[in-house]
Amino acid sequence: MKILVINGPNLNMLGIREPGIYGDQSYAALVRFVEDVCARQNVECECFQSNHEGDIVDKIQAAYGKVDGIVINPAAYTHTSVAILDALKAVSIPAVEVHLSDVSAREAFRHISYAGMACVKTYAGFGFDGYRMAIEYLAEHYGK
Ligand code: DQA
C-alpha cells in the first residue's frame with residue numbers, strides 16, 4: 001500500500017509557530033514520525049508540504065492511479081478551499097483529514113472543513129498522533 005501525506009501552509013513552521021497550539025516539534029520531526037509509523041505498518045509513504053493551494057491540487061491530481069490513500073492536513077486551506085475539496089473528489093482516493101489542534105474548540109471560522117467533506121475520517125486535536133491514527137485507519141480499511 002502507498003500513502004501520500006499532504007501538509008498545507010505554515011506546517012513547515014512547526015516548532016516555531018504558536019508552540020502552545022501546535023507543539024514544539026519541527027516539521028522534520030513530523031516527517032520522521034510519519035515515516036516510522038508507515039514502516040511499522042509496511043506502508044510505502046511520501047510526505048509533501050506546500051504553502052500553495054494550486055500545488056496541493058496538482059499533487060492530489062498526480063496521485064490518481066498511483067496512491068491507495070491520502071492523509072491530509074490542509075491547514076488554513078481546510079476552511080477556505082473548495083479547490084482542494086474538488087481535487088479529492090475528482091481522484092476518489094480514500095482520504096483522512098488530520099489536524100494537530102482541536103479545530104472544533106477554536107475560532108468559529110475553523111469549524112467548517114471543506115476538505116473534510118471528501119474525507120472518510122477526521123482526527124483533530126491529537127497532535128502528531130493523529131497522523132498515526134490516520135495511517136492505521138487507511139492501512140486497516142484500504143491496505144493491500
Ligand atoms: C491546523 C488547524 C488550522 O485551523 C490551521 O489553519 C493550521 C493547522 C491544525 O493542524 O491544527 O494551520 O490544520
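Q: Where is Thr78 found in this structure?
A: Keep in mind that this is a predicted model. Thr78 is in the loop that links β3 and α4.

Q: Is Thr78 buried or exposed?
A: To read this, look at the relative accessible area: under 20% counts as buried. Thr78 has a value of 0%, so it is buried.

Q: Which residues is Thr78 in contact with, leaving aside its neighbours within four places in sequence?
A: They are Glu97, His99, Ile112, Ser113, Tyr114 and Ala115. Two of those names, Glu97 and His99, come back when we look at β4.

Q: OK, β4 then. Why is it described as largely enclosed by the rest of the structure?
A: Go through the strand residue by residue. Five of the five residues in β4 are buried, so the rest of the structure largely encloses this strand.

Q: Which strands pair with β4, and in what sense?
A: Look for bridges between strands. β3 (residues 69-73) is joined to β4 by three bridges, and the two run parallel. β5 (residues 121-124) also pairs with β4 in the parallel sense, this time over four bridges. Glu97 is a handy landmark here: Ile72 stands opposite Glu97, and in β5 the bridge partner of Glu97 is Thr122.

Q: How does the chain cross from β3 to β4?
A: Follow the path through helix α4 (residues 82-91). That gives a β-α-β crossover, and this one is right-handed.

Q: What about the nonpolar residues?
A: Here's the general idea: in soluble globular proteins, nonpolar side chains tend to be buried together. In this model, the largest nonpolar core has 28 residues, and Ile3, Val71 and Tyr131 have the most contacts inside it. The elements giving two or more residues to this core are β1 (2-7), α2 (27-40), β4 (95-99) and α5 (129-142). There's also a second, separate core of 21 residues, including Ile56, Ile84, Ala87 and Cys119.

Q: What does Val71 touch?
A: Not counting residues up to four places away in sequence, the residues Val71 touches include Ile3, Val96, Val98 and Tyr131.

Q: Last one: which residues are around the ligand?
A: Among the residues around the ligand are Arg17, Tyr22, Asn73, Ala76, His99 and Arg110. Asn73 has a polar side-chain atom 2.8 Å from a ligand oxygen atom, and Arg110 has a polar side-chain atom 2.8 Å from an oxygen atom of the ligand. For Ala76, a polar backbone atom is 3.2 Å from a ligand oxygen atom.

Terms used: Residues numbered from 1 in each chain as written. Predicted model: local features only at pLDDT ≥ 70, side-chain atom pairs only at ≥ 80, totals over all residues. Heavy atoms only, no water. Core = buried A, V, L, I, M, F, W, Y, C linked by side-chain atoms within 4.5 Å. Buried < 20%, exposed > 50% of the residue type's maximum accessible area, 1.4 Å probe, protein only. Contact = heavy atoms within 4.5 Å. Pairing = 2+ DSSP bridges. Right-handed = clockwise from strand over helix to strand, strands pointing away. Near = heavy atom within 4 Å. Polar contact = N/O pair within 3.5 Å; in protein donor to acceptor, adjacent residues only side chain to side chain.
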